Amino acid sequence: MRLTPSFREKVWGSKELEPWFPNSQHKIGEVWFEGVDNLPLLVKFLFTSESLSVQVHPEGKTEMWHILAAQPGAKIAAGFRETLTAERLRAAALSGEIEDLLEWFDAAPGDTFFIPNGTVHAIGAGLTLCEIQQYSDVTYRLYDYGRPRELHLDQGVAVSDRGPYAARQHPSSDVLVSCKHFVTERLRSPMRLHAAQFQLLIVIEGHGQIGGETAKAGEVWHVPKDSEFDLAGNMVLLRTSVLTPA
């Protein structure tokens, strides 16, 4: 079943959405994929023309990012260059020093980053990425570059891991991320798939067929457990699975 995209405007979003979606007259920051009740995972495509806020998620929202496109110099941040006290983290969030204390990583197409709950993070400008996460949207904003949006310092400092963190993944196989919440692999058609458990298929490049139905980049498909089907054509996909049947 093909999931339904939901386009969400953001101040940091972009009008340039191709080749995944038609370009927009509005600044689209996130595209959510919905249409099936009780999904354990949420897939988003993110498009950034400005930096997102520096933020952190509490338990219940671990996520990963797979970079689809990046302008020269694009970066993401995760964790800190040194271990901070709670008091210094709060002060740095108020002063803006937090930008300089974060560990910034160059981001290029094909890169993957894993962001467990509690990891302070930020996504820079000039990026298109696929985000796979536990199905929660609880976000504590620590710093927002002077934009007039609410901060959540008490909650954010309380749940933050305040030390360094190696977010960049170095996969030695098609498995990009494997954690207790989900496993995500990179696949290329043609191939035959057997789904023993709940899965989502995310088409990130090309076009072809999933189970005989036309599929193209920018689509997410829900795969019920105990199903078997063919991937045809010339597609690059992410397959994400939960570790217990849904």
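**Rings and charges: a quick chat**

Visitor: Is D144 buried or exposed?
Guide: D144 is buried, at a relative accessible area of 3%. Buried means under 20% relative accessible area, exposed means over 50%, and partly exposed is in between (1.4 Å probe, protein chains only).

Visitor: What should I know about the model itself?
Guide: This is a predicted model: local features need pLDDT of at least 70 and side-chain atom pairs count only at pLDDT 80 or more, while totals for chains, interfaces and linings use all residues. Residues are numbered from 1 along each chain as its sequence is written, and side-chain values use heavy atoms, with hydrogens and water left out.

Visitor: OK, which side chain does D144 meet in a salt bridge?
Guide: That's R149, at 2.8 Å from N to O. A salt bridge here is a side-chain nitrogen of Lys or Arg within 4 Å of a carboxyl oxygen of Asp or Glu. R149 is partly exposed, at 27%.

Visitor: How many salt bridges are there by that rule?
Guide: The count comes to 20. One of them joins D230 and R192, again 2.8 Å from N to O. D230 is in strand β18 (residues 227-241) and R192 in strand β14 (residues 191-195), so this pair ties together parts 38 residues apart in sequence. Helices (H or I, at least four residues) and strands (E, at least two) are DSSP runs, numbered from the N terminus.

Visitor: Which residues are linked in a salt-bridge network?
Guide: E30, K44, K61, E63, E131 and D137.

Visitor: New topic: how many aromatic pairs does the structure hold?
Guide: Eight. Rings of Phe, Tyr and Trp (its six-membered ring) pair if their centres lie within 6.5 Å; planes under 30 degrees apart are stacked, over 60 edge-to-face, and the rest tilted. F7 and F21 are an edge-to-face pair, with 5.2 Å between centres and 85° between planes. F7 is in strand β1 (residues 4-14) and F21 in the loop between β1 and β2 (28-34), 14 residues apart.

Visitor: What about F21 and F45?
Guide: Their ring centres are 5.7 Å apart and their planes at 75°, so that pair is edge-to-face. F21 is buried at 7%, and F45 is buried at 0%.

Visitor: Which rings are linked into a cluster?
Guide: Ring pairs link F7, W20, F21, F33, F45 and F47.

Visitor: And what lies over the face of W32?
Guide: R8 does, 3.7 Å from the ring centre. A charge sits over a ring if NZ of Lys or CZ of Arg is within 6 Å of the ring centre and within 35 degrees of the ring normal.
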